[in-house]
Amino acid sequence: MDLDAFTELLTPRGRRALAEAGELAGADPVAAATTLRRSYDAALTSAALTQAGLRERARAKFGAEAGLMYFTPHGLEQSTRAEVAAHRALRLLDLHDDGSPPRVVDACCGIGGDLLALARAGCAVDAVDTDPLTVAVARANAEALGLGDRVRVTVADAAGVRPEDYDVLFADPARRTGKGRTFDPMAYSPPWPVVLDLVGRARLACLKVAPGIPYSYIPEGAQAEWVSYKGEVKEATLWSGQGGGRRATLLPGGHTLSAMGAEAPTGPPGRYVYEPDGAAVRAHLVGEVAELVGGRLLDPMIAYIAADDPVETPWATRYEVEDVLPFSLKKLRAALRERKIGNVTIKKRGSAVDIERLRSDLRLNGENAAVIILTRITDKPSVLICRPLSPA
């Protein structure tokens, strides 16, 4: 889809084509294209079907509003889930906290997932992106959701942004190259040195990065926040201008845990084992989670927590331990056979065992289910056979 084809989608004729394409969602692609070609040319047919497919995919991130919005394939892939963007926008308002709506510059806006949340929270947003099609999509999204009066989107290079002219800098550098997704901040667009220059000139900056960002790239004095949505770590946010530290946030519940310097002891297995949420693990808050559940680490380098009592916390999933064995395929197979285990969920940390190969080698047969955890206990390869419980 090019800019001309997208622009035509915004015309009355294009909107009709898109509505008809939406009604054909799930139909055979050839049949859908044939149906639309009876009324529209090839370019508009292709653009409408592409956009209808993207809207359907986008429902997982944007809910019902996806049916009103516009997307590009790469823009949808990198866009922020609506709940995460809303959390960040509200936190930005709390940190700004001078009684007036902040003026925000979005230095690499993409299709506008974050600028929409910022505008909805009351911010006035000036946004830029280098790609004319992406800018057109972001503008169309602001208009479609009734936020056009709070948003201005232009084609420009992030390096030319003047963050000192605004209350807040927001930046979400692109993390894709011609070869696909990149995990190297130096390969971001704009590159990491340009991003850091913008952050250094801002009064308050909010920088969205990949959750696996190397800790050495976190600017000195910035607070790093890892965000998990329904148990899956989605991203990290670096906040400058508010002091350093690490924190984790769980959505949709809004639970937050900050680094307090807790150090978990190491000890033997107990009746329960707790698996901390990935955001807490990324933020190096396993010690804080262990303190919450009164637990200890099975191994000082691995994020599994043993405890003797059941404790309710959103920060970890709790399993009841039925057996602990030194790792041995033969012994594990026999133990599972004895329990008539025919279905297992296999988890591992600190283990080199190939999970799918192990699943095949176990030759399971039975009506019961279990969770098996492959890990190290005081540096010895071990396996825990567990009964799954609800999240603690």
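Reply: Residues are numbered from 1 along each chain as its sequence is written. In this predicted model, local features need pLDDT of at least 70, side-chain atom pairs count only at pLDDT 80 or more, totals for chains, interfaces and linings use all residues, and side-chain values use heavy atoms, without hydrogens and water.

Me: Why is H6 called oblique to H7?
Reply: Helix H6 (residues 82–96) and helix H7 (residues 113–120) cross at roughly 45°, and their axes come within 8 Å. Angles under 35 degrees count as roughly parallel, over 145 as roughly antiparallel, 65 to 115 as roughly perpendicular, and the rest as oblique. So H6 is oblique to H7.

Me: Which way does H6 pass H7, left-handed or right-handed?
Reply: The crossing of H6 with H7 is right-handed. That term applies if the near helix is turned clockwise from the far one by less than a right angle.

Me: What makes the contact of H6 with H7?
Reply: H6 brings Ala85, Ala86, Arg88, Ala89 and Leu92, and H7 brings Gly113, Asp114, Ala117 and Leu118. Contact means heavy atoms within 4.5 Å. The residues divide into six nonpolar, one polar and two charged.

Me: Which domains is the protein divided into?
Reply: Domain 1 is 3–71, domain 2 is 80–251 and domain 3 is 272–388. The bounds come from an automatic or database domain assignment.

Me: How many residues of domain 2 and domain 3 are in contact?
Reply: 13 residues of domain 2 touch 11 residues of domain 3. Their centres, taken over C-alpha atoms, are 37 Å apart.

Technical notes: Axes are lines fitted to C-alpha atoms, for helices over the stretch in contact, and angles run from 0 to 180 degrees between N-to-C directions. Helices (H or I, at least four residues) and strands (E, at least two) are DSSP runs, numbered from the N terminus. Ala, Val, Leu, Ile, Met, Phe, Trp, Tyr, Cys and Pro count as nonpolar, Asp, Glu, Lys and Arg as charged, and the others, Gly among them, as polar.
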